[in-house]
Amino acid sequence: MTTSAARMAPTRRYFEKRAEAFDRLYTRQSLGTRLLRRGPRRGRDLAVSVVARHASPSVLDVGCGPGRVAEAVIEAGASTYAGIDFSPHMLRLARERLERFESVELLDGDFMELDLPQTFDVVLALGLFDYLDEPGQAAEWMRARCSATLVATFSRRDRIKTPIRRLHYELIHRCPIYFYTEADAEEMLSAAGFASVEFVSRGPRGFFVTASPSQ
Ligand SMILES: C[S@@+](CC[C@H](N)C(=O)[O-])C[C@H]1O[C@@H](n2cnc3c(N)ncnc32)[C@H](O)[C@@H]1O
């Protein structure tokens, strides 16, 4: 049986090469970015609003990337922040960005293979499910570590962006990507032990959910 880290090697290579370009999506003002790459900024806004609704929550950010979401949720009141990513380049950007904060832990590795015994009030999975070949197992991993709220984003198939993404990720960079219907995501999260799955934002190319562990 191959390990998750071995199966995910092309995805890791992709983000290792594209870390700076991904980071710039948060600041670029071009029309193309604003129209086609709004997801990261909107995911960050949702994470901030969820963190602000809890009293000083602990936050786990799975696939934390360059730390843009981290700095926003810490400023919004997170008491502790743990980010996991398997791209050392992404983690380097995150480390530089988060130097000024205390109570930050950045973990290097494939989250599915990390032994993380503690639970967190808020678990973030922003822009992550699009790259996971075993999303049901990933959702179970998150459920085991979530004590209050999961925030997750999903891409759906659409006629304009999906062919562009397949060309960019799969044909050019050999990085597999995955799409979801709302029913898929709800069923998967329920099977993993989440209840009250709420679709907080629905767009033509994706949707954002929050969910809580079932009692
Ligand atoms: C699209 S980026 C999103 C980054 C961040 N969540 C954000 O919204 O700014 C996806 C991130 O997930 C990381 N990632 C993907 N699969 C992973 C895995 N199995 N374990 C750890 N990190 C992973 C990638 O390296 C990348 O940094």
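Residues are numbered from 1 along each chain as its sequence is written, and side-chain values use heavy atoms, with hydrogens and water left out. Because the model is predicted, local features need pLDDT of at least 70 and side-chain atom pairs count only at pLDDT 80 or more, while totals for chains, interfaces and linings use all residues.

Trainee: Which side chain has an N or O atom 2.6 Å from an oxygen atom of the ligand?

Mentor: A polar contact here is a pair of N or O atoms within 3.5 Å; within protein, one must be able to donate a hydrogen and the other to accept it, and residues adjacent in sequence count only if both atoms are side-chain atoms. A nitrogen atom of the ligand is 2.7 Å from a polar backbone atom of G63, and a nitrogen atom of the ligand is 3.3 Å from an N or O atom in the side chain of D110. The oxygen atom in question lies 2.6 Å from the side chain of D85.

Trainee: What span should helix 4 have at 1.5 Å a residue?

Mentor: Helices (H or I, at least four residues) and strands (E, at least two) are DSSP runs, numbered from the N terminus. The expected span is 1.5 Å times one less than the number of residues, and helix 4 has 15 residues, 39-53.

Trainee: How many residues of strand 5 are buried?

Mentor: Buried means under 20% relative accessible area, exposed over 50%, and partly exposed in between, with a 1.4 Å probe and protein chains only. T153 lies in strand 5 and is buried at 8%, and a polar atom of the T153 side chain lies 2.7 Å from the backbone nitrogen of G127. Strand 5 (residues 146-155) is largely enclosed by the rest of the structure, because the number of buried residues among its 10 is eight.

Trainee: Which residue of strand 7 is the bridge partner of V151?

Mentor: Two strands pair if DSSP finds at least two bridges between them, and six bridges join strand 5 to strand 7, which run antiparallel. Six bridges also join strand 6 (residues 194-202) to strand 7, and in that pairing E198 stands opposite T210. The partner of V151 in strand 7 is T210.

Trainee: Is S196 buried or exposed?

Mentor: Most residues other than glycine have a negative phi. S103, in the loop between helix 6 (88-98) and strand 3 (104-108), has a positive phi near 55 degrees and is partly exposed at 43% relative accessibility. S196 lies in strand 6 and has a positive phi near 40 degrees. With a relative accessible area of 55%, S196 is exposed.
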